[in-house]
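Q: Can you walk me through this fold, one feature at a time? I'd like the general idea and then the case at hand.

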Amino acid sequence: MDSSDDEGEEYLFKIVIIGDSAVGKSNLLTRYARNEFNLHSKATIGVEFQTQTLEIDGKEVKAQIWDTAGQERFRAVTSAYYRGAFGALVVYDISRRTTFDSIPRWLDELKTHSDTTVARMLVGNKRDLENIRAVSVEEGKSLAESEGMFFMETSALDSTNVNKAFEIVIREIYNSVS
Ligand code: GDP
Ligand code: MG
């Protein structure tokens, strides 16, 4: 066997997480990548990403998932952040209406800066805060449908649907490129 057989074929996909400040983007990523949650997470400096590996059809699929470092607070997420992204999680907080109202702006920004995006998921995070819910499941679903996106409500706090949300995006990218 020489190295020309494609058994060792690998995939690497860039995925970005966007949405207003404090919706839980960083915690969704740490929950997915490290199974950690932080009650008092702070925005750090510089762009960071974490890599997760999945096996699909016997192939190694790596997702390089990017997290903003708090630039969204100043509406200053750069084009470099979006460049080459194949997937995006667009996140709002189900307990804060304003974060849902911002979604169209985030989608515009994504469209402007990335023409490679093939899989987008609308994520209503903090599903555990049911008692102070400000956005209904139906509203989330309906927006996602009208934008042709996947939709999921998650909780980075209690882990609900976090792995699922990332994996649906990763599998959808894999299906569209393989
Ligand atoms: P980011 O600014 O979008 O990255 O948001 P963070 O991940 O830093 O989270 C902002 C705040 O929301 C922190 O205090 C988190 O502990 C909290 N948080 C994040 N996800 C959840 C969740 O699913 N449920 C609840 N109740 N709080 C969350
Ligand atoms: Mg953050």
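Q: Which residue of S3 does glutamate 48 stand opposite?
A: In general, strands of a sheet pair through backbone hydrogen bonds, either parallel or antiparallel. Here glutamate 48 faces aspartate 67 in S3. Strands are DSSP E runs of at least two residues, helices are H or I runs of at least four, and both are numbered from the N terminus. Two strands count as paired if DSSP finds at least two bridges between them. S2 and S3 pair in the antiparallel sense over 9 bridges.

Q: Before we go on, what kind of model is this, and how are things numbered?
A: This is a predicted model: local features need pLDDT of at least 70, side-chain atom pairs count only at pLDDT 80 or more, and totals for chains, interfaces and linings use all residues. Residues are numbered from 1 along each chain as its sequence is written, while chains are lettered from A and ligands numbered from 1 in the order in which they are written.

Q: Back to the hairpin of S2 and S3: which residue takes a positive phi there?
A: Most residues other than glycine have a negative phi. In this hairpin, with 2 residues between the strands, aspartate 57 takes a positive phi near 50°. Aspartate 57 is exposed because it has 9 other C-beta atoms within 10 Å (exposed means 12 or fewer, buried 20 or more, partly exposed in between, with C-beta atoms placed from the backbone).

Q: Where is asparagine 35 found, and what is its phi?
A: Asparagine 35 sits in the loop between H1 and S2, and its phi is near 55°, a positive value in a residue other than glycine. With 10 other C-beta atoms within 10 Å, asparagine 35 is exposed too.

Q: Is asparagine 38 buried or exposed?
A: Asparagine 38 counts as exposed because it has 11 C-beta neighbours inside 10 Å. Asparagine 38 also lies in the loop between H1 and strand S2 (48-56). Leaving out residues up to four places away in sequence, asparagine 38 touches Asn27 and Thr30 (contact means C-beta atoms, placed from the backbone, within 7 Å).

Q: What is the strand order of the sheet?
A: The open sheet of 6 strands runs S2-S3-S1-S4-S5-S6, with mixed pairing. S2 and strand S6 (150-153) are the edge strands, each pairing on one side only. The twist averages 25° from one strand to the next (axes are lines fitted to C-alpha atoms, for helices over the stretch in contact, and angles run from 0 to 180 degrees between N-to-C directions).

Q: Which helices go with the sheet?
A: Helix H4 (residues 103-113) packs on the sheet, touching S1, strand S4 (85-93) and strand S5 (119-125), and its direction makes about 165° with that of S4. Helix H5 (residues 137-147) lies across S5 and S6, at about 160° to S6.

Q: How many residues does the largest nonpolar core have?
A: In soluble globular proteins, nonpolar side chains tend to be buried together. The largest core here has 43 residues, and Ile15 is among those with the most contacts inside it. A nonpolar core is a set of buried Ala, Val, Leu, Ile, Met, Phe, Trp, Tyr and Cys residues joined through C-beta atoms within 7 Å. Isoleucine 15 stands opposite isoleucine 65 in S3.

Q: How many residues surround ligand 1?
A: The answer is 18, and the closest include Gly24, Lys25 and Ser26 (near means a C-beta atom, placed from the backbone, within 6 Å). Helix H1 (residues 25-34) gives the most to this shell, with 3 residues.

Terms used. Two residues are in contact if their C-beta atoms, placed from the backbone, lie within 7 Å.
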